[in-house]
Amino acid sequence: MPSHLHTSLRPNAASHYSNSSSSAPSPSPSLAAKLLLLLTLLPLSLALLAFALQWRGGVTDPTTRWAPPGSAHLFPGMDNASPLSSVARHSSLSSSSSPSDCAHLARSASPSFPYYRDWKFDFGASLKPKICITTSTSAGLDQILPWMFYHKVIGVTTFFLFVEGKAASPSISKVLESIPGVKVIYRTRELEEQQAKSRIWNETWLSSFFYKPCNYELFVKQSLNMEMAIVMARDAGVDWIIHLDTDELMHPAGAREYSLRQLLMDVPDNVDMVVFPNYESSVERDDIKDPFSEVSMFKKNYDHLPKDTYFGMYKESTRGNPNYFLTYGNGKAAARIQDHLRPNGAHRWHNYMKTPNEIKLEEAAVLHYTYAKFSDLTSRRDRCGCKPTKEDVKRCFMLEFDRSAFIIASTATEDEMLNWYHEHVVWGDKDIKIKLLRKGILTRIYAPMAIIQGLRESGVFSSVIASAPSVLSRDKFLSMIGGGNSSKAAASESLPSRKAGRSMEHHSTARKILDIEASAAASHASAVPPLSPPGLGGYIMDEVY
């Protein structure tokens, strides 16, 4: 085409020259032709260069740097032999028509998760230090699977799941048991009889929580489970143990890489316990269904804020609630596995022979997704049989906000509950949010959201479900787990939590007359309960004195 234009221009130019030889000379016609040729060839050359680089692999995708050695840069599902490839294709066709609220576990798009080659994450023997998480849960797969695989991504190798209620139902527990590195412990009569013989009952550090309902009963149960988990962790060759709920995610900020393993690897050898201050989810809508994938705003812990900022913005931060955080503010802890280790309540660890040497991290945190869904109001209510009175809730709940939420959920209409939720939980005032974000009280954290979304899009969750021993058809199974964390979900094979509490009460008389030879135990610190952050009153007193 350029040569054709060139030849077509020449006669015209010659004619023009012969007819106007006495006029001023015009620009050379060959120059215009060359410019047209250059403008035509330049984009074609760039396109060919880009094609050549892509074909030869001359440009390295930055995400391939995260792949482990020997992975050949294969993402989950790219290998035809991988179960993800067939599961992903099947789930992408069926997810849009699934009636389940939990169908997002089965959604899949193009493979995009660069961390490991397949969903099994079977790398326990190769990672040091070896980290385990223990939890007591009655949640469904829609919450447990994202929670578990997120922690696998950041370096956790082993999970001890003490399950009851919905989590203990055959359709869910079979999936959990099929995952490498996961041990499922059911709340059976045998387990309760074993825990009834624990030395904890004859010691004083947890005694103030015995024989009380609801949150107190759960606190004791968690401590007994933690005691058993220590033994299992030692047998499994674990280096660090963490107690975490399934609405909490570790956030290993401050490490050289986004890795809990790297964070604990850098801890000095003389440190026995690492305290992670907690950040609390700050939801911006009332219709959140999947907090891990929809919540990015968190309120920072007192320990990670300047004192003047914390107390100076205290009123704006609490918005009329009883405390700075809705629930607890004293974080969670990781303990180094060693002789004489014991739990010290759900938030800390201790040692029978010494006071642990502990450090508190300045950047890493536990992200607590508390009351992130409107349905959390009613689900917490349904787990407790206390009367909705100010006096009765004190014996059931340790924190003031939990007490208020229980009363509202038990006495108000749906519209009244929603209004209360907007007033006390949802951050709808844009000006206040911007102000607190600028001050550093609120912060945006996207890493967990991105990792979990990557896991989901890579077909990891659907692969876990598809690879589990068949209990039900896959479609029926997904429809069964769609109801979220309802306390009225599938019945457990084990004893219900309420029966467990009553069986322990039957032994109370016998235990109360025991001679407690606890001269050594009495010297140990009492169990650390969930504690609220510092209040404004304490700051005023400090200023006065």
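## Basis and overall make-up

Helices (H or I, at least four residues) and strands (E, at least two) are DSSP runs, numbered from the N terminus. This is a predicted model, in which local features need pLDDT of at least 70 and side-chain atom pairs count only at pLDDT 80 or more, while totals for chains, interfaces and linings use all residues. Residues are numbered from 1 along each chain as its sequence is written, and side-chain values use heavy atoms, with hydrogens and water left out.

The protein chain has 22 helices and 14 strands. Of its 545 residues, 50% count as buried (under 20% relative accessible area; exposed is over 50%, partly exposed in between; 1.4 Å probe, protein chains only). Contact means heavy atoms within 4.5 Å. Among contacts in the protein chain with a separation of 6 or more, 78% come from residues 24 or more positions apart.

## Val-275 in strand E6

Val-275 belongs to strand E6, residues 273-276. Val-275 counts as buried because its relative accessibility is 1%. Leaving aside neighbours within four places in sequence, Val-275 touches Lys-332, Ala-333, Arg-348, Glu-358, Ile-359, Lys-360 and Leu-361. Val-275 and Trp-349 are 74 residues apart in sequence, yet 9.9 Å apart in space, C-alpha to C-alpha.

## Helix H4 and its two partners

Two packed helices are described by the angle between their axes and the distance between the axes. Axes are lines fitted to C-alpha atoms, for helices over the stretch in contact, and angles run from 0 to 180 degrees between N-to-C directions. Angles under 35 degrees count as roughly parallel, over 145 as roughly antiparallel, 65 to 115 as roughly perpendicular and the rest as oblique.

H4 (residues 141-153) and H17 (residues 447-457) have axes that come within 10 Å and cross at roughly 105°. H4 is therefore roughly perpendicular to H17. On the H4 side are Pro-146, Phe-149, Tyr-150 and Val-153; they meet Pro-448, Ile-451, Ile-452, Leu-455 and Arg-456 in H17. By class, this contact of H4 with H17 has 8 nonpolar, no polar and 1 charged residue. Ala, Val, Leu, Ile, Met, Phe, Trp, Tyr, Cys and Pro count as nonpolar, Asp, Glu, Lys and Arg as charged, and the others, Gly among them, as polar.

H4 also packs with H5 (residues 170-177), at about 10° and with the axes 11 Å apart. These two helices are therefore roughly parallel. Leu-141, Ile-144, Leu-145 and Met-148 of H4 meet Ile-172, Val-175 and Leu-176 of H5. The contact of H4 with H5 has 7 nonpolar, no polar and no charged residues.

## Aromatic pairs and charges over rings

The structure holds 20 aromatic pairs. Rings of Phe, Tyr and Trp (its six-membered ring) pair if their centres lie within 6.5 Å; planes under 30 degrees apart count as stacked, over 60 as edge-to-face and the rest as tilted. Phe-209 and Tyr-216 form a tilted pair, 6.1 Å centre to centre with 35° between the planes. Phe-209 is buried at 7%, and Tyr-216 is buried at 11%. The pair of Phe-374 and Tyr-421 is edge-to-face, because the centres are 5.4 Å apart and the planes stand at 75°. Phe-374 lies in the loop between strand E13 (365-368) and helix H12 (376-382), and Tyr-421 in helix H15 (residues 414-424), so the pair ties together parts 47 residues apart in sequence. Ring pairs also link Tyr-302, Tyr-310, Phe-311, Tyr-314, Tyr-324 and Phe-325 into a cluster.

A charge sits over a ring if NZ of Lys or CZ of Arg is within 6 Å of the ring centre and within 35 degrees of the ring normal. The charged end of Lys-212 sits over the ring of Tyr-216, 4.9 Å from its centre. The charged end of Arg-380 sits over the ring of Tyr-371, 4.0 Å from its centre.
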